[in-house]
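My notes follow the display.

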Amino acid sequence: MTATKTVGLLLSPKKLKQNRLCSIAEHPSSEGLRFVAVDLSQPLEDHYDLILHKISDLIGKAVWCNDDKKAKAQFQRFKTFCESHPDMVILDPLDNVVRLGDRKRVLEKCISASALFRVPKAIYIDNVHHLPARIDLKYPLICKRRAACALLGSHEMVIVPGPDQLHEIRPMFEAGEAVVLQEFIPHDGVLVKVYVADGRPYVSFRPSFKNRLDDAVLPFNSQALAKSFDTVAQPFLVSDRAAEDHAKSILDYERIQNIADHLRQQLDLTFFGFDIILEADTAEYYVIDVNYFPSFGGVDDFAGILISTIKKRLFKH
């Protein structure tokens, strides 16, 4: 009889609820696994066979906030624990997840796959209050924080219609904040969200921005945008379900699998998500964002998928 394996869950209550994992221990396929919560405020014990983690907020505070000593201490505790237990399975390797917290590193890591997709042209500004006089990008632009951490406002973005409005973004960010300025790609108002679990992609479609926008700076929170074409209230989003139907009809699912395979190899991650848009005139594929351990919203029985992946890793080891 196979011995029971102990799985440490380093997930916030919010994350457990968001991913529908609150009752994972009661899942029919969880036999042989014991799930326990991991508390970084206490010294870590050695009895785990595998640790599953999503600590993006902690990473953001530890890496990007110089004055948060508590976050730095807890992050260092987990990092040291991982380094001192090389035979323990960590989903996913901490250094690989930390890299996803820096949009510059992610975009530069992805850019080599031009045969499969493109990345919008971008520049990186170390201090948003010290913008260069000239920017070699085509307007409109999207301005995002370089730190991809929700706690630090990563979902708060700004569309800048032209060079005359660029200075207007300064009051929207703290002095010294690093930002990414990225060309806006017209994409007929459809965002393709892809969740990847152990190499398998799950695709959904969401309303996105119209190809032509007003000549005013447009601040928005990407988390607050409509999730369905039936619930669009923002006037700058496409609400016509025909746009979604068209995107579904032309999307190349084999290509999505190939992109997922490429990103998985480049990033060395088991659970991640990425956003794709199809350029309006050419249908060229653009990857515009990558994130770790997303919600997997709409994916049936994600708990079962997660348990299956955990068992594969544990049996492998």
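I counted salt bridges in this predicted model and got 14. I then looked at three of them one by one.

I took K79 and E83 to begin with; they form a salt bridge with the closest N and O atoms 3.3 Å apart. Both sit in helix α3, and since they are four residues apart, about one helical turn separates them. I noted E83 as exposed, at a relative accessible area of 52%.

Next I looked up K312 and D198, whose side chains meet in a salt bridge at 2.6 Å, N to O. K312 lies in helix α8 and D198 in the loop between β9 and β10, so this pair ties together parts 114 residues apart in sequence. Is D198 buried or exposed? I found it buried, at 15% relative accessibility, while K312 is partly exposed at 46%. I also noted that D198, R264, K312 and R313 are linked in a network of salt bridges.

For E284 and R255 I read 3.5 Å, N to O. E284 is in the loop between β12 and β13, and R255 is in helix α7, 29 residues away. I logged E284 as buried, with a relative accessible area of 19%.

Last, I checked how helix α2 packs on helix α3. Their axes are 8 Å apart, at an angle of about 115°, which makes α2 roughly perpendicular to α3. I recorded the crossing as left-handed. L58, I59, K61 and A62 of α2 make the contact with A71, K72, Q74 and F75 of α3. I sorted these contact residues into five nonpolar, one polar and two charged.

Note on methods:
Residues numbered from 1 in each chain as written. Predicted model: local features only at pLDDT ≥ 70, side-chain atom pairs only at ≥ 80, totals over all residues. Heavy atoms only, no water. Axes fitted to C-alpha atoms, helices over the stretch in contact; angles between N-to-C directions. Helix = DSSP H or I, 4+ residues; strand = E, 2+ residues; numbered from the N terminus. Parallel < 35°, antiparallel > 145°, perpendicular 65-115°, else oblique. Left-handed = near helix turned anticlockwise from the far one by under 90°. Contact = heavy atoms within 4.5 Å. Nonpolar A, V, L, I, M, F, W, Y, C, P; charged D, E, K, R; others polar. Salt bridge = Lys/Arg side-chain N within 4 Å of Asp/Glu carboxyl O. Buried < 20%, exposed > 50% of the residue type's maximum accessible area, 1.4 Å probe, protein only.
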